[in-house]
Amino acid sequence: MTKLSISKKIILASSLTVLLSACASNQVAISESVQQKSAQAASQSTFTPEQAIDEAEEKLLVAKKKGVEFFSPLHLRQAEESIALAREYLTAPPSDIKNASLMSAIAAQKYIENAYENKKKVEGNLRESLKNLDILESLNAPALVPDQYQDVMESLNDIIQEIEQGNVADAKKSEVDLLEDMADTEISTLKVTHLNEAVSFFERASDIDADEYAELSYEKAEAKLEASTSFIEKNYRDREGVKAAGIDALLATKKAYFVAIEAERTVKMKPEEAEKHVLKVMELLNNIHLATSGQDIEPEKLFNQSEVIIDLIKELKKAPVQKPELPASQIQTFAAPRSEPLVIETLEAPALPAGHKPLEGLEVDSSATDISLRKDEDSFDAIEVASDSTTLEEQQNNVNTTPESTQAVIDNTQANLNSNEAVDAVDAVDSLTDQTSDQGR
């Protein structure tokens, strides 16, 4: 490092006095070091004050975008003040300080550079506080408990500034109280999230005199609300338990509220109104029974009817689940059209024995034995095979097969169909012949 002459030391001392007096009362621990290094750098720099100011402003903007200001607020504040002072010295430079504007601009840059170092120091020393801060933000504490959250943030900012000023030990001591405040804020946030609705129903129950008309339910709700509150305060990091406690409190307080409404109305009913009320309840129970069993429920006491419905539901739960049968319309089969009409040769009926004559009135229509089907006709067997509402083209489209396999199925079906129809035709002729023979006998 270059040694400074006596005259330069005098100028530097006066420069430091001017620059330091321009800054805020709360200064970072490196303020004096920054001023000394800035004065020395200014005497050796080849930059103009304007260039140094522009660079400082650019670095300041980048630091803020990166969130450095949260971890080093004093550093960036002094950097801003130094930039403002540098611009002021451009137009009105002090007569007793050489390069005053350049010195201030360089000082601003050094404050910004050191702000990054201070950020690491804060993250290392306040690790627990920063972790809790993330938790509070994830719970939406800024919106749910804004006042408490703001107090926490102010305390954290004060502790960070203590670190900036070099008082790390004091900052660690202050963090103990901060962590307690953060825990209280976390508990308050959880209460708002999980108990606010329950508290609202309990207050509404109190407003309608639930302690008079639904005394037992009201007392249970009050006890459950207190128990849930106590659980959250003692086990606030048990998120599932906290959620369950909130649900229990809500159910109890809602019950107290609605029971109070019904109880008050029941107490004030006239006999006719009481009868209508009971009939309405019985109708509701019957509707449930009808929906589950398909039958009306037998008239009984309301409690007994409810027990019948409960038993019925239990039985339904035990019943095995039956798999639905596939509708016939979804069964895919093939009915192949015939390319040529099927012709069955007419069989000659055997000659009747001598002396036997056909019964009078019996006429045999030889055309009945001539079974010939056109292309667009289907035999009864073919209709049985084919789907009632599905054409061959639709069936082929619904089956995921290759053209070769589809044609093979069609050919096989055609062969079976022709064979079956031929047999049926022969059977019909044989039957007619047998009847003729029997009648002749």
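This is a predicted model: local features need pLDDT of at least 70, side-chain atom pairs count only at pLDDT 80 or more; totals for chains, interfaces and linings use all residues.

Trainee: How many helices and strands does the protein have?
Mentor: Helices (H or I, at least four residues) and strands (E, at least two) are DSSP runs, numbered from the N terminus. By that reading the protein has 18 helices and zero strands.

Trainee: What percentage of the residues is buried?
Mentor: Buried means under 20% relative accessible area, exposed over 50%, and partly exposed in between, with a 1.4 Å probe and protein chains only. Of the 441 residues in the protein, the buried share is 31%.

Trainee: What covers the buried residues of H13?
Mentor: The buried residues there include Gly241, Ala245, Ala256 and Tyr257. A contact means heavy atoms within 4.5 Å. One example from H12 (residues 215-234) is Ser217, which touches Ala256 and Val259, not counting residues up to four places away in sequence. The cover includes H10, H11 (210-213) and H12.

Trainee: How are the rings of Phe201 and Phe258 arranged?
Mentor: Rings of Phe, Tyr and Trp (its six-membered ring) pair if their centres lie within 6.5 Å; planes under 30 degrees apart count as stacked, over 60 as edge-to-face and the rest as tilted. By this rule the count comes to five aromatic pairs. For Phe201 and Phe258, the centres are 6.1 Å apart and the planes are at 50°, so the pair is tilted.

Trainee: How many residues apart in sequence are the parts that this Phe201 and Phe258 pair ties together?
Mentor: Phe201 is buried at 9% relative accessibility, while Phe258 is partly exposed at 42%. Phe201 belongs to helix H10 (residues 168-207) and Phe258 to helix H13 (residues 239-267), so the parts tied together are apart in sequence by 57 residues.

Trainee: Which class does the Phe202 and Tyr218 pair fall in?
Mentor: Phe202 is buried at 13% relative accessible area, and Tyr218 is buried at 13% as well. Their centres are 4.8 Å apart with 20° between the planes, which makes the aromatic pair stacked.

Trainee: Which ring does Arg204 lie over?
Mentor: A charge sits over a ring if NZ of Lys or CZ of Arg is within 6 Å of the ring centre and within 35 degrees of the ring normal. Arg204 is 4.6 Å from the ring centre, over the face of Tyr257.

Trainee: Which residue does Lys191 form a salt bridge with?
Mentor: A salt bridge is a side-chain nitrogen of Lys or Arg within 4 Å of a carboxyl oxygen of Asp or Glu, and the count comes to twelve. Lys191 lies in helix H10 and its partner in helix H12, so the pair ties together parts 42 residues apart in sequence. With the closest N and O atoms 2.5 Å apart, the partner is Glu233.

Definitions and conventions: Residues are numbered from 1 along each chain as its sequence is written. Side-chain values use heavy atoms; hydrogens and water are left out.
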